[in-house]
Amino acid sequence: MSVSPSASAQAAREAVAGRLRDLRKEAGLTIVELARRCRWHYSKTSRIENALTGPTAKDIRRWCEATNNEDQAQGLIVQSLNAESMYREWRNQVRNGLKQLQDSVVHIYRETELFRVYSSTLVPGLLQTEGYAAAVLRTAARFRELPVDDSAEAARARVERSRVIHEQGHRFVILVEESVLHCQMADAEAMAAQLGYLLTASALPAVSLGIIPTSTRERALWPEETFSVYDDKLVSVELVSAEVNVTQPAEVVLYVKAFEQLRGMAVYGAEARALILKAVEAL
């Protein structure tokens with residue numbers, strides 16, 4: 001189930017605030033006493049504990065020193081930084097055009113060895129043809145009411161960055177729901193080309209393409225939001241209003257667990273190709 005990115009980020013901030021409040025209470029300090037030890041006004045303590053103000057790294061170190069919990073400072077600093085940067089609004093991302101958005105993740109593609117990608121909505125970008133990508137990005141440009149529609153240039157950039165699937169040193173485990181094959185984001189010709197490319201790409205040595213049939217009974221997990229796991233370090237989740245970047249190890253592990261459960265429901269090889277051919281015939 002998709003969660004509002006702003007709510008998700010706020011929940012992360014509140015988790016940090018709650019832990020700092022617990023440290024103060026465990027130390028037997030009042031808000032005023034902790035403020036005195038940290039050498040700031042007590043109102044700042046209150047704002048931090050109520051997640052109204054995000055603490056700086058220096059604030060957290062002072063707080064932990066004041067409560068004799070110096071060993072917890074670094075972990076809380078990392079958690080706080082993640083809370084502040086866990087999502088980027090799409091409006092900020094596309095400020096300079098859709099093409100730049102495609103180019104901005106090239107370095108991640110180059111550095112990642114194992115890609116795990118799950119999509120419940122569209123053919124993943126790594127496997128999109130230029131015609132399909134242009135249609136998808138054109139729709140995004142219209143929905144976002146962008147002043148400049150550079151979807152054609154962005155589509156070429158997306159296909160160019162996807163050439164990483166032909167380079168050594170990378171592995172790709174890609175899962176899609178069967179409904180993705182029937183979601184006609186482009187005209188019949190572009191859809192046929194896209195589905196044909198899926199047949200080709202699924203035969204690549206570095207690519208494992210799994211399709212979860214709509215006929216799957218008693219699913220182990222419901223269709224989730226589209227997400228990508230880059231090695232075991234970063235998860236990128238696509239929502240309507242934002243791209244949520246998850247870096248907390250415990251949360252990354254949860255996404256990997258979800259991916260593996262979804263992967264267990266997928267079909268591969270000849271069975272997957274049969275579902276793609278079925279979608280082609282339905283055009």
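## A walk through the predicted model

Ala 51 sits in the loop that joins α3 to α4. The model is a predicted one, and in it Ala 51 has a positive phi of about 60°, although the residue is not a glycine. With a relative accessible area of 11%, Ala 51 is buried, because buried means under 20% relative accessible area.

Asp 231 is not a glycine, yet its phi is positive, at about 50°. Asp 231 is found in the loop between β5 (227–230) and β6 (234–238). The relative accessibility of Asp 231 is 16%, so this residue counts as buried.

Some totals give the setting. The protein contains 14 helices and seven strands. Of its 283 residues, 46% are buried. Among the contacts with a separation of 6 or more, 74% are accounted for by residues 24 or more positions apart.

The helices on either side of the loop that holds Ala 51 are α3 and α4, and α2 packs against α3 and also meets α4. Helix α2 covers residues 31–38 and helix α3 covers residues 42–49; their axes are 8 Å apart and the packing angle is about 110°. That angle makes α2 roughly perpendicular to α3, because angles from 65 to 115 degrees count as roughly perpendicular. The crossing of α2 past α3 is right-handed. On the α2 side the contact is formed by Ile 31, Val 32, Leu 34 and Ala 35, and on the α3 side by Tyr 42, Thr 45, Ser 46 and Glu 49. Sorted by class, the residues of this contact are five nonpolar, two polar and one charged.

The pairing of α2 with α4 can be described in the same terms. Helix α4 spans residues 57–66, and the axes of α2 and α4 come within 9 Å and cross at roughly 115°. The two helices are therefore roughly perpendicular to each other. Here, too, α2 passes its partner α4 in a right-handed crossing. From α2, the residues Leu 34, Arg 37 and Cys 38 meet Arg 62, Trp 63 and Ala 66 from α4. By class, this contact has four nonpolar residues, no polar residues and two charged residues.

Arg 19 belongs to helix α1, which runs over residues 5–26. Its relative accessibility is 26%, so Arg 19 counts as partly exposed; the class of partly exposed residues lies between the buried limit of 20% and the exposed limit of 50%. Leaving out residues up to four places away in sequence, Arg 19 touches Glu 26, Gln 72 and Leu 76. Leu 76 is 57 residues from Arg 19 along the chain, while the C-alpha atoms of the two are separated by 8.4 Å.

Ile 165 can be followed in detail: apart from neighbours within four places in sequence, Ile 165 is in contact with Leu 126, Leu 127, Phe 172, Tyr 197, Leu 204, Ala 206 and Val 207.

Met 185 counts as partly exposed, because its relative accessibility is 25%. With neighbours within four places in sequence left aside, Met 185 is in contact with Leu 122, Tyr 132, Ala 135, Val 136, Thr 139 and Met 191. Tyr 132 and Met 185 are 53 residues apart in sequence, and their C-alpha atoms are 7.1 Å apart in space.

Terms used:
Residues are numbered from 1 along each chain as its sequence is written. This is a predicted model: local features need pLDDT of at least 70, side-chain atom pairs count only at pLDDT 80 or more; totals for chains, interfaces and linings use all residues. Side-chain values use heavy atoms; hydrogens and water are left out. Axes are lines fitted to C-alpha atoms, for helices over the stretch in contact, and angles run from 0 to 180 degrees between N-to-C directions. Helices (H or I, at least four residues) and strands (E, at least two) are DSSP runs, numbered from the N terminus. Angles under 35 degrees count as roughly parallel, over 145 as roughly antiparallel, 65 to 115 as roughly perpendicular and the rest as oblique. A crossing is left-handed if the near helix is turned anticlockwise from the far one by less than a right angle, and right-handed if clockwise. Contact means heavy atoms within 4.5 Å. Ala, Val, Leu, Ile, Met, Phe, Trp, Tyr, Cys and Pro count as nonpolar, Asp, Glu, Lys and Arg as charged, and the others, Gly among them, as polar. Buried means under 20% relative accessible area, exposed over 50%, partly exposed in between (1.4 Å probe, protein chains only).
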